[in-house]
Amino acid sequence: MSNLTNTEVSDGTDNHSEFKQKLKNGFNKFIAFFQGNPPGIIGGILITMILLGALFAPVLSSHDPEKRVARPHVAPNAEHVLGTTRSGRDVYSQVLQGARKTLSVALFAGIIATTIAVAVGVTSGYFGGKIDEWMNFITNVFLVFPQLPLLIVLAAFLGQVGSMVITILLGVTSWPWGARVIRSQTMAIRSKEFIIAAEVMGESKVRIILVEILPNLISIVFGGFLGTVIYAMGAEAGLGILGLGDATEVSWGSMLYWAQTSSSLYTGAWWEMIVPATALALTGGALALLNMSIDQVSNPKLKTGPHMKLWKKLKHDADKRRGLV
Amino acid sequence: MNATLDTTTVEATVEATDTPEVILSIKNLVKDFPIGQSNNKKNFMRAVNDVSFDLRKGEALAIVGESGSGKSTGARILSRIYEKTSGDISFKGQPLQEYIKENGSLEYARQVQMIFQDPFGSLNPVHSIYHHIARPLLIHKRGDKVTVKKLVHELLELVGLFPAAETAEKFPHELSGGQRQRVAIARALAVDPEVILADEPISMLDVSVRLGILNLMADLRDKHGISFMYITHDIATARYFAEKTAVMYVGHMVEWGNSDKVTQTPKHPYTQLLLSAVPEAGNSGRRELGAKKGEIPLWRPDTKGCPFASRCPRALDKCSDSFPEVTQVAEDHFIRCFNI
Amino acid sequence: MSKALLEIKNLCVDYVSPNGIARAVNNVSLEIAPGETLGIAGESGCGKSTLAFAIARLHKSPALISEGKVLYEGRDVLTMSEKELRAFRWNDVSVVFQSAMNSLNPVITIGEQLTDVIVAHKRITYKEATLKAVELLAIVGLHGDRLGSFPHQLSGGMRQRVVIAIALALEPKLIIMDEPTTALDVVVEREILNELYDLKEKFGFSILFISHDLSLMGEIADRIGVMYAGNLIEIGDAKTVFSNPSHPYTKGLIASFPTIHGPKVRLYGIPGDPVNLLRLPKGCNFSTRCTECVDICKTDEPALIDLHLDYQAACHQIVRNK
């Protein structure tokens, strides 16, 4: 090919420093994501706080959330920061403990749904033809599945539904929407020339899907995942408040259930209902903000950054010079 | 493991023989595509109809045509993206199916590479330039993890991307269109191909950059003996780069042969029309075209006659009944026309 | 000077991006006389399309016309009120964009798009507008039956003819054409050019013709201006620009087009890659790719100077050689 002498001497240390460089690049990219990205920053901070709260719940709780520790419906005070429930349990400790249950249901349902959505969407989009037809059929069937009624019927049948069942059911029924989006994105990428080039090059189909196509889908897959998590969280809470979840486990949904059955709002013990409701709203909002910020990364035109302010200022100056202002 | 292109043997071969050997031979190639259905019977359109040509070693053949001429389809059949409907394709003297049976489709893919029109679409935005060039080297076992890096840098320098080490670490969006196209060429070269099919490689590049790519391709042909099939709508660059030119219209090859003969003394009315339409500074004012204004017809498997008949100033009655046979009008200059 | 139909004076257009401010058009001045065809040539990023958009004041954020005047028959377009601007657009100046599919609405018929334009600017009934639409289609060589067709039912050439018909609807004095034939086959391009010649003779409008295809421009333009990285670097009558260019970029650009009938020699185009507007070199924008670059080129920006009557170029080398 050429008569160039090889001036590089390759040794083991190259790999090590290359790896360090890759880590550094990854870290820099992570930081760059948040720069000039208010939704990302706010959402990121909120969700980190919530996750840390859930993770360290036993440490951060002031009382045992499942034991009666004071008189019922005590208003928020120094000892019980967020008051107590009808049964005299500490709301603050409950909301932390409940985070664990609610978030784990939502996250695992999200993971299950997203995995199925990716598998179905990519296969369908890449292979096309008969495979696509079959996958589409299955997708459409699951799409019209009425999830909540199904869960209600199951609950009525089984007496009550544990969180494991809820997780699996939500996961197995929330994937169709994501699958469709992933399918159309895959089809768009598939017709791109770099995929044809890889095929002409002799790359195996599996490698093409995993290495060439999938990395291009990361932002919509992640966006879909976050969307599913928000939905699953809402569904879990919805089931909880209807009393169809396991009311003996502490979760935000069951907290709402007990708050509702004890007519807490009526009796003026607003904290019993408002606290879990706010927790749900904040978490959902944080996830939605994160979702929004990912959209901005994949579509830079959505960025409303400091450069827009600069543009407005410059335009104003230019108009002034022309005597229009 | 053949880690370098051996230039000495190639040069010797080219000098020793008078006419270089035929690498790819296509005879009576036909390709139909389905378009919609009616009454459970599929309708077809014929994209390529009875096309024959040879590609020799170290030679560049330009296929010139407007949209709908079928020029890209031919290349995609040769790179096995599409299946032919009928016709014979031979590679290095062997029928293609036989060759693939004996040597595997990976080996054929190695020897017949393709570069595409869109420099933005032909590279995967999430992978580095290094990845793009290392993958083919690894797939075709032209190096192991250690030697691959050296080969990647050598290839980048071969296509004029300096400094190679820096370029290898970049991502596609950091390069210009011309640079990306060079990367695509380096990727094709990585596996030491016999033939490169170039599908409109410069039409989406800036004007000042186009010649650089054509000159690079010419150097690869002259110094490394790689055959090129250059597909374009621009007959001027076809003449500049390729020794042989073939003109296609609605899936039919109407005139072909030595580039100078075809472009300076065209004999087929369509080629004459094409050449009279090309803008050339210095002419000014209205230039009447010899042909009637017409739409490009949709060709079906059962359509008969010459596709240019409806617009041709020299059309005879029999032009609508059958497509003419091959006529040799000069040495290395052929057309298919009844009314020369 | 006041005879000019359009006068652009020291126009500057900036793009504000997250990575900095890019000056897409830098201090460009030129004139278009009535009935003249002025061609602006250049590659991607040179600012020619930005210039065209600025004339009709079509720019939205993050683009910004920071300096300069656009004088149409003496009135500054950039200070016109909304009402004046509406009257100005399409009545006085219309635009033909590069890809017809970009400017035609895919879900409404050709006829509706024509009549909409007419009715929006003139006080006439839909019936009269429809008659006018049929007239316009005939002018560009299309049958009145096409009024009921949708854009996707027409070929590329026909669509571009429709776009030209829409541009002619109100008989403007200036038509800006931004790469009108780039997406078309060469035979269709030739047909449309022939029609343009006829239309120009009939209606007498001026054309601002923007393209990267210098050979095409050499045919149809009376004068040619060449832009690079936002600057107008050469402008003069078409024949001279072609046969005797002064600026190294123009020379390189002309040498980038292999001809059909010329001698077969190796051409080189221009070395390097198109410049990044956010990272312009110091001094002349072309210095990094110029084969005739000397020291002063790297420090001082060259200004447009008069070489002969109605002919200007911006290059330090020309000053030296004069």
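1. A polar contact is a pair of N or O atoms within 3.5 Å; within protein, one must be able to donate a hydrogen and the other to accept it. Between chain C and chain B, 21 residue pairs, both at pLDDT 80 or more, are in polar contact. The structure discussed in this note is a predicted model.

2. The side of chain C that touches chain B draws on several helices of chain C: α6 (156–168), α7 (186–203), α8 (214–220) and α9 (238–243) each supply at least two of its residues. The largest share, 9 residues, comes from α7(C). By class, this side of chain C holds 17 nonpolar, 12 polar and 15 charged residues.

3. The extent of the contact between chain C and chain B can be stated in two ways. In terms of residues, 44 from chain C are in contact with 43 from chain B. In terms of surface, the area buried between the two chains is about 3700 Å², and carbon and sulfur atoms give 51% of that area.

4. Salt bridges also link chain C and chain B, and their count is 3. In one salt bridge, B:Asp260 is paired with C:Lys264, and the closest N and O atoms are 3.6 Å apart.

5. A separate contact joins chain A and chain C. Here 10 residues of chain A and 15 residues of chain C take part. The area buried between chain A and chain C is about 1100 Å², with carbon and sulfur atoms giving 68% of it. On the side of chain A, the residues that lose the most area to chain C are A:His307, A:Trp311 and A:Arg322, which together account for 55% of what that side buries.

6. The polar links between chain A and chain C are as follows. The count of residue pairs in polar contact, both at pLDDT 80 or more, is 3. The rule finds 1 salt bridge across this interface. A:Arg321 forms a salt bridge with C:Glu67, and the closest N and O atoms of this pair lie 3.8 Å apart. The side of chain A that touches chain C has 6 nonpolar, 1 polar and 3 charged residues.

7. Chain C itself contains 11 helices and 12 strands. Its radius of gyration is 21 Å, close to the 20 Å that the globule rule gives for 322 residues, so chain C is as compact as a globular protein of that length. The C-alpha trace of chain C spans about 65 × 50 × 40 Å along its principal axes. Of the 322 residues in chain C, 57% are buried. Among contacts in chain C with a separation of 6 or more, residues 24 or more positions apart account for 63%.

8. Chain B has 12 helices and 12 strands. A compact globule of 340 residues would have a radius of gyration near 20 Å, and the 21 Å of chain B agrees with this. Along the principal axes, the C-alpha atoms of chain B fill a box of roughly 70 × 50 × 50 Å. Buried residues make up 56% of the 340 residues in chain B. Of the contacts in chain B between residues at least 6 apart in sequence, 64% join residues at least 24 apart.

9. One helix of chain A deserves a separate remark. Helix α9 of chain A, residues 193–201, is mostly covered, with 8 of its 9 residues buried. The buried residues of α9(A) include A:Phe194, A:Ile195, A:Ile196 and A:Met201, and A:Glu193 is also among them. After α9(A) comes A:Gly202, whose phi is positive, near 100°.

How values were computed: Residues are numbered from 1 along each chain as its sequence is written. Chains are lettered from A and ligands numbered from 1 in the order in which they are written. This is a predicted model: local features need pLDDT of at least 70, side-chain atom pairs count only at pLDDT 80 or more; totals for chains, interfaces and linings use all residues. Side-chain values use heavy atoms; hydrogens and water are left out. Contact means heavy atoms within 4.5 Å. Buried area is the accessible area (1.4 Å probe) that two parts lose on being put together, summed over both. A salt bridge is a side-chain nitrogen of Lys or Arg within 4 Å of a carboxyl oxygen of Asp or Glu. A polar contact is a pair of N or O atoms within 3.5 Å; within protein, one must be able to donate a hydrogen and the other to accept it, and residues adjacent in sequence count only if both atoms are side-chain atoms. Ala, Val, Leu, Ile, Met, Phe, Trp, Tyr, Cys and Pro count as nonpolar, Asp, Glu, Lys and Arg as charged, and the others, Gly among them, as polar. Helices (H or I, at least four residues) and strands (E, at least two) are DSSP runs, numbered from the N terminus. The radius of gyration is taken over C-alpha atoms; the globule rule is 2.2 Å times the number of residues to the power 0.38. Buried means under 20% relative accessible area, exposed over 50%, partly exposed in between (1.4 Å probe, protein chains only).
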